[in-house]
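The sequence and structure come first, followed by the description.

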Amino acid sequence: MATPAEHRRRPGTSRRDRRGRGMRGRLVPATVPLSRSRAQIFDDLVLDAVEHLEPRWATQLRDVEFAVEDVPPELPSYDSDVLEDGNVPLARLLPGRDGGRGRSTPPRIVVYRRPLEARAYDRDDLADLVHDVVVEQVANLLGLDPDDVDPPNH
């Protein structure tokens with residue numbers, strides 16, 4: 001006879017609720033915005049910020065990689081390549097490196113989702129924060145002032 005743990009995890013069977021009805025379907029159709037996760041929405045905000053800068057800086061941003069991580073890694077201290085709010089990193093610029101023999105690592109801008117979400121009041125505020133962080137990191141990469149990268153009236 002199977003133990004309760006074995007009974008719950010039989011290989012090849014679908015997971016069911018306690019009344020044996022099985023998993024329920026989605027609550028909303030996939031085409032409705034409610035079906036998107038917070039992480040997917042955040043990724044879209046980062047892409048929107050980059051797309052906003054691309055018409056003006058396409059050549060300079062061509063090889064730059066943009067990434068999103070949930071939380072920053074724990075490091076004993078952060079270098080000047082990290083954009084911080086207090087002691088909490090919001091984003092990080094990893095400069096490109098020449099690996100020799102024709103290999104190189106492109107520059108990478110990493111945006112940390114959870115610290116930015118914690119600072120935003122609503123989705124519009126989050127979009128503004130993400131935009132500001134991306135602009136700041138692009139400015140750091142290019143060695144420019146953020147207002148030169150994305151003028152306030154632009």
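## Strands at the core

Ala91 stands opposite Val111 in β6. The model is predicted: local features need pLDDT of at least 70, side-chain atom pairs count only at pLDDT 80 or more, and totals for chains, interfaces and linings use all residues. Residues are numbered from 1 along each chain as its sequence is written, and side-chain values use heavy atoms, with hydrogens and water left out.

Strands β3 and β6 run antiparallel and share four bridges; two strands count as paired if DSSP finds at least two bridges between them. On the parallel side, β1 (residues 65-69) is joined to β6 by five bridges, and Val68 has Val111 as its bridge partner in β6.

| Strand paired with β6 | Sense | Bridges |
|---|---|---|
| β3 | antiparallel | four bridges |
| β1 (residues 65-69) | parallel | five bridges |

Burial is scored by relative accessible area: buried is under 20%, exposed over 50%, and partly exposed in between, with a 1.4 Å probe and protein chains only. Of the seven residues of β3, five are buried, so this strand is largely enclosed by the rest of the structure. In β6, four of the five residues are buried, and the strand is mostly covered.

## Overall make-up

The protein contains five helices and six strands, in the order α-α-β-β-β-β-β-β-α-α-α from the N terminus. Helices (H or I, at least four residues) and strands (E, at least two) are DSSP runs, numbered from the N terminus. Of the 154 residues, 27% are buried. The accessible surface is about 11400 Å², and 48% of this belongs to carbon and sulfur atoms; areas come from the Shrake-Rupley method with a 1.4 Å probe, and for residues only the protein chains shown count as cover.

## The nonpolar core

A nonpolar core is a set of buried Ala, Val, Leu, Ile, Met, Phe, Trp, Tyr and Cys residues joined through side-chain atoms within 4.5 Å. The largest one has 25 residues, and Leu53, Val111, Leu116, Val130 and Val134 have the most contacts inside it. At least two of its residues come from each of α2 (38-61), β3 (88-94), β6 (108-112) and α4. The largest share, eight residues, is supplied by α2.

Contact means heavy atoms within 4.5 Å. Beyond residues up to four places away in sequence, Leu116 touches Phe42, Leu90, Val111, Leu126, Leu129, Val130 and Val133.

## Helix α4

Helix α4 has 20 residues and spans 28 Å from first to last C-alpha, close to the 28 Å expected at 1.5 Å a residue; the expected span is 1.5 Å times one less than the number of residues. At its start, a side-chain oxygen of Asp122 reaches to within 3.2 Å of the backbone nitrogen of Asp124. After the helix comes Gly143, with a positive phi near 70 degrees.

Buried residues of α4 include Leu126, Val130, Val134 and Gln137. Why does His131 count as buried? Its relative accessible area is 18%. His131 lies in α4 (residues 123-142) and, leaving aside neighbours within four places in sequence, contacts Ala49, His52 and Asp150.

Notes:
A polar contact is a pair of N or O atoms within 3.5 Å; within protein, one must be able to donate a hydrogen and the other to accept it, and residues adjacent in sequence count only if both atoms are side-chain atoms.
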